[in-house]
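Open the model in your viewer and keep the sequence panel beside it, so that each selection can be followed in both places. The tour begins with a stretch named in a database record and then moves on to its neighbours.

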Amino acid sequence: MEVLSRMMIKLEDTANQKSCEEVRRTIYIFCKISGEAINFDKSSVIFSPNTPDFVKNKLKQILDTPCTDKLRRYLGCDVEIDGRSFKSFQPLLDKVQRKILSWKHLSLSQLGRLILINVILVALCSNVLAVFLVPKRITKHINSSLMRYWWKGTAEVKGMCWTKRTALELPKGLGGICLRNIDFYNKAFLVKQAVRIHNSPSLLIFRVMRAAYKYPTETWLPSKRVQFKTQEAISRNGITKVMDLFHSTTKIWNARLIWRKFAPDTAREILSLHIPNDDIDGQFHWMANKNGQATVKSIYNHLVMGKVPSQNMEMSEISWKTLWRSDLLPKWKIFIWKIMNKSLAVKSRLRKRGMKVNVECCFCKEPEENETQLFRDCPISIHTWKASPLGINVQNNQHVDIGNWIKNFLKFFWKEDRHDSPGARTFIVVLWSIWLHRNE
Ligand SMILES: [Zn+2]
């Protein structure tokens, strides 16, 4: 492509028969050299609006492509786009919502829906996300469509979402379910592009960007602040690159020069920098990834984690990972996840959300049904636990909060027999059957 664009730049001229023939010939040569082919039926040529029709007709015959007045869509997205206009991105939102609507008849579990969201819906948007900074208004809409679909199997507005988005977006090991955030995905893709451009000085786009924008030269220190000793520009002394601060032809800091030119704090920081042995050009190093590579995944994770400063975790990372890795039924995993995230639709919670419901326990008529009452302290649950193969006497534990109670048992079983522990399975099955019985 680099070659082709150079050839095309050479041809810049007023459009006439000769230059059009030359363009056609150039493309032909390019295709022959590169082995790639251009579909001229799908290509089009744009003339400036004041080109006379007879000239247009003549020239487009030579080029053998249809003529158009504006650039149309490419990979499902308008090419001529005003980055700030959310209207240009409306088709993206519509596409996601249409897809969700087409799944309406599928009766999938929440884990099944999660896969559809994270794999299919995100892929549906990724060609646009990888190129444009999509306006907040659109990404916000898409995010809430995804969240509603996950909770309710539809993207319609009605109904309740029980957990904050930020909690759902966390990695599974940290108590989330890894629901994708389109806004973060968009930014991760673009950062990845920026890093790639930054690290490839041979690309045409690198040179264009470098010419168009002031290149940041003062951010090569971890503190990002370079302070000089004097006002005099150090470039006057022929210092323009970091390597100019080395003793000539070596890779050893010229300490005297550095102390003379920079403020003490900066000088100290420079001298403590590690100089790699390999002869490589200066590159952007992504600190969040051990090998320094800025991958979409690691940038995305960085953004997700940045949103949640300190998560008050119900279970440890190991316990969450064990739960998701176990061979329990997907619906049981989600069920436990909901209890631990306080997002199971028990009656007291429904009332808190403003629903008019009778909140008394349907078994013992205790005035308020909540998780602790329902799953452990209700007489029927006490009997169930005692009669279960685990023979648990819950009356000893009534001061412990239900989240901790479940967590401690699971931790105990998993510690004994790893993630395929029969004890953990039985424990979860008892919880599940109390829930089923209550719903009957
Ligand atoms: Zn009860």
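Select residues 114-134, which an unreviewed UniProt entry lists as "transmembrane region"; such annotations may be inferred rather than shown by experiment. Over this stretch the chain is 76% helix and 0% strand, and the end C-alpha atoms lie 23 Å apart. Helices here are DSSP runs of H or I with at least four residues, strands are runs of E with at least two, and both are numbered from the N terminus.

Residues are numbered from 1 along each chain as its sequence is written. This is a predicted model, in which local features need pLDDT of at least 70 and side-chain atom pairs count only at pLDDT 80 or more, while totals for chains, interfaces and linings use all residues.

Next, select helix H5 (residues 110-129) together with helix H6 (residues 136-152): their axes, lines fitted to C-alpha atoms over the stretch in contact, come within 8 Å and cross at roughly 155°. That makes H5 roughly antiparallel to H6, a term for angles over 145 degrees between N-to-C directions, on a scale from 0 to 180. Show Gln110, Arg113, Leu114, Ile117 and Leu121 of H5 with Leu146, Tyr149 and Trp150 of H6, which make the contact (C-beta atoms, placed from the backbone, within 7 Å).

Notes:
Angles under 35 degrees count as roughly parallel, over 145 as roughly antiparallel, 65 to 115 as roughly perpendicular and the rest as oblique. Two residues are in contact if their C-beta atoms, placed from the backbone, lie within 7 Å.
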